[in-house]
Amino acid sequence: ANPEEADDLKYVTQDELKAMMDPSTGLLWSPWFRVIAETWLFEWWADLDETFTTDRHVDLASIRYFEPPTDHVGRYGDSSDSDGW
C-alpha cells in the first residue's frame, strides 16, 4: 500500500462528513478534497438534481490556491526515495 494514497472509504451523510472533517477528529483529508468540500461540496450536495442537470455551479473563471499542510507534502521527486516515487 502507498501511504500517500487513500486507504479507506465510507458512505456518509452530509452531517456525518461535516463531523468527520472537524480537525479534532485527527482524520487526514486530501488537501484538494478539503478545498472542494469547504468551498462547494455541501452547496452542490444540497440540490444534486440542479448540480447534475444545470451549469449553475460551473465556475471557469476562478483559480483556487492552497498550501497543503506539512503532513500532506508528498515525496515526489525525492531522489533519496528507493521505490521510484
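## Getting started

Two residues are in contact when heavy atoms lie within 4.5 Å of each other. With that in hand, here is a tour of the structure.

The model is predicted, so local features need pLDDT of at least 70 and side-chain atom pairs count only at pLDDT 80 or more, while totals for chains, interfaces and linings use all residues. Residues are numbered from 1 along each chain as its sequence is written, and side-chain values use heavy atoms, with hydrogens and water left out.

## The overall layout

The chain has three helices and zero strands, giving the pattern α-α-α along the sequence. Helices (H or I, at least four residues) and strands (E, at least two) are DSSP runs, numbered from the N terminus.

Of the 85 residues in the chain, 14% are buried. Here, buried means under 20% relative accessible area, exposed means over 50%, and partly exposed is in between (1.4 Å probe, protein chains only). The accessible surface of the chain is about 7300 Å², and carbon and sulfur atoms hold 55% of that area; the areas come from the Shrake-Rupley method with a 1.4 Å probe, and for residues only the protein chains shown count as cover. Among contacts between residues at least 6 apart in sequence, 52% join residues at least 24 apart.

## The nonpolar core

The largest nonpolar core has seven residues: V12, L17, M21, W29, A37, L41 and F42. Such a core is a set of buried Ala, Val, Leu, Ile, Met, Phe, Trp, Tyr and Cys residues joined through side-chain atoms within 4.5 Å. Helix α2 (residues 31-46) gives the most to this core, with three residues.

Not counting residues up to four places away in sequence, L17 touches V12, W29, F33, L41, F42 and W45. The C-alpha atoms of L17 and F42 are 9.7 Å apart, although 25 residues separate them along the chain.

## Helix α2

Helix α2 has 16 residues and reaches 22 Å from its first C-alpha to its last, close to the 22 Å expected at 1.5 Å a residue. That expected span is 1.5 Å times one less than the number of residues. There is also a kink of about 55° in α2, centred on W40; the bend at a residue is the angle between axes fitted to the seven residues ending there and the seven starting there.

Which residues of α2 are buried? They are P31, V35, A37, L41 and F42, and the buried residues of this helix pack against α1 (14-20).

## Around W44, T51 and H57

W44 is found in helix α2 and is partly exposed because its relative accessible area is 25%. Leaving aside neighbours within four places in sequence, W44 is in contact with I36, T51 and H57.

T51 sits in helix α3 (residues 48-53), and a polar atom of its side chain lies 3.0 Å from the backbone oxygen of D47. H57 lies in the segment after α3 and counts as buried because its relative accessible area is 15%. Beyond neighbours within four places in sequence, H57 is in contact with E43, W44, E50 and T51.

Key
Polar contact = N/O pair within 3.5 Å; in protein donor to acceptor, adjacent residues only side chain to side chain.
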